[in-house]
Amino acid sequence: MYTHAVFWPPCNRGDNTLNRDISANQLGGEKIARQYEYMARVRDFVTASGETKLCYVETYGCQQNEADSEHFRGMALEMGYGIADSPEKASLIIFNTCAVREHAEQRVFGNIGALLKYKRRDPSIIIALAGCMAGEPHVVQRIKKSFPYVSIVSDSRCLWRFPETLFNVLVNGKREFATEGADVIAEGLPVHKNRDIKGWLPIMYGCDNFCSYCIVPHVRGRERSRSPETVKEQFISMVNAGFKDITLLGQNVNSYGKNAREHFETDFPKLLRELDKVEGDHVIRFMTSHPKDAGLELFDAMRDCKHVAPHLHLPFQSGSERILKAMNRGYTPEKYLGLIRAVRERIPDIVLTGDVIVGFPGETEEDFEATLALVEKVRYDALFTFIYSPRKGTRAAEMPQNTPPEEINRRFDRLVALQNSISAEKHAAYEGRTVRVLVDGKAENKPEGWLSSRTPGGRLVVFPGEEGLIGSFTEVKITGHTTWSLVGEKA
């Protein structure tokens, strides 16, 4: 088991002291209070034997899933469970899943299959499949037919109802499928965060973009924003608890507040400026930005705010206007490049990263060459590169794929080689400079005594140093580099 901190958002335990301007799509009050009643009932079951039962949560996918898992752990603690660091020790096993790529889904199914041995050893163990996969009808049907020992299936929009769902399983012994959640925000659920210096803070949920390749709007619902007062109060609590690197999360943070204008007028740039007023030695990050909604107000706020990291993650997905239209991305390569110019004018040392898909249905060699040309023009510090993965339920899954897999792989390798050369060149330019870093742990794949850290722009820096530096900011002189990291010594 590991140590933890539990944070209670402002409207904890469903009290009637909820935000008075809470929007129509936010749950609190009686409904959340009811879930605390279920937590208490589950706690009676769990603690009846006098033995401490444990809950294990395994997270797949994005940072939003990581944030959701913090709620699962928080609810588990409230329900009387301890937290396990492996499934073999647990009485409650929750897989919080990702549906973005087929490979991730298959890995989850394989890992669920491996849990059967624990269920045979102890039939009282409860296994739950949660998250985005649980929002896909074909996954739910497969769980029903092929994995009868999975007792709970609960999609991301039903997370707030998990105590009730678990209670029903404990009382009735029947399987529960909570897969028809509404597009709401549940405020006031307990949150369990590991004692760390980095933390996630969701500011909104869902997505309205419906990119033709993406399953997220189908499994996470439409966009809904948390109130700025709630976000700021939780942000302050994290700063006070010692978090020094806080990432604001949303499928498209630039849309924050857009669908809640009748309840509050704060947009994302205004939210950044408001959070920047919170005193302390910390860094504010955010992801993910969508190019169709990013603009000058955002870049001005990034420039003006002392705590906001000089890093912009701006996915472009393709350099071909034809493919971007087929993806339903809502911008052109020219508009995207205009955004890059604008942010660099304001923040010359901005660190730029992005996402790109290779092998989208119908992509020609000319389309791919346009992607390479865009990468050359932008010269990203790093890229997250993906081969297109069809997802059932999306429009792109119905589009014909005429490019052979071996050609897609060759294109992917060419893209990676280009970006690696750019990254190496960018990193070489750091040599001889002294940079301020936040030391976040021991360095992986390095000898004992080496530490891992990040620059304000998010670049990985490894250097030899004392473990006592972990959790603090320090100065490091860069002496070398690899494609993926900078190497230095304490200044």
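Predicted model: local features only at pLDDT ≥ 70, side-chain atom pairs only at ≥ 80, totals over all residues.
**Stop 1: Asn445.** Select Asn445, in the loop between E19 and E20. Its relative accessible area is 80%, so Asn445 is exposed. Now check the backbone. Phi of Asn445 is near 60°, a positive value in a residue other than glycine.

**Stop 2: the second largest pocket.** Show the second largest pocket, with about 520 Å³ of space. Its lining has 20 residues, and Asp196, Lys198, Trp200, Asp440 and Glu444 are the closest to the centre. Colour by element next. Helix H2 (63-78) gives two or more residues to the lining. The strands that do so are E10 (191-193), E11 (198-202), E19 (434-442), E20 (450-454) and E21 (460-464). Then colour by class. The lining of this pocket has 10 charged residues, five polar and five nonpolar.

**Stop 3: Asn328.** Go to the loop between helix H11 (321-327) and helix H12 (333-346), and pick Asn328. Here too, phi is positive in a residue other than glycine: Asn328 has a value near 60°. Is Asn328 exposed or partly exposed? Asn328 has 33% relative accessibility, so Asn328 counts as partly exposed.

**Stop 4: Met287 and Thr288.** Select the peptide bond that joins Met287 and Thr288. This bond is cis, with omega at about 5°. Thr288 lies in the loop between strand E15 (283-287) and helix H10 (296-304).

Note on methods:
Residues numbered from 1 in each chain as written. Heavy atoms only, no water. 1 Å grid on protein atoms, 1.4 Å probe; cavity = no way out; pocket = protein on both sides within 12 Å on 5 of 7 lines; lining within 4 Å. Points joined across faces, edges and corners; volume = space filled by probe spheres on them. Helix = DSSP H or I, 4+ residues; strand = E, 2+ residues; numbered from the N terminus. Nonpolar A, V, L, I, M, F, W, Y, C, P; charged D, E, K, R; others polar. Buried < 20%, exposed > 50% of the residue type's maximum accessible area, 1.4 Å probe, protein only.
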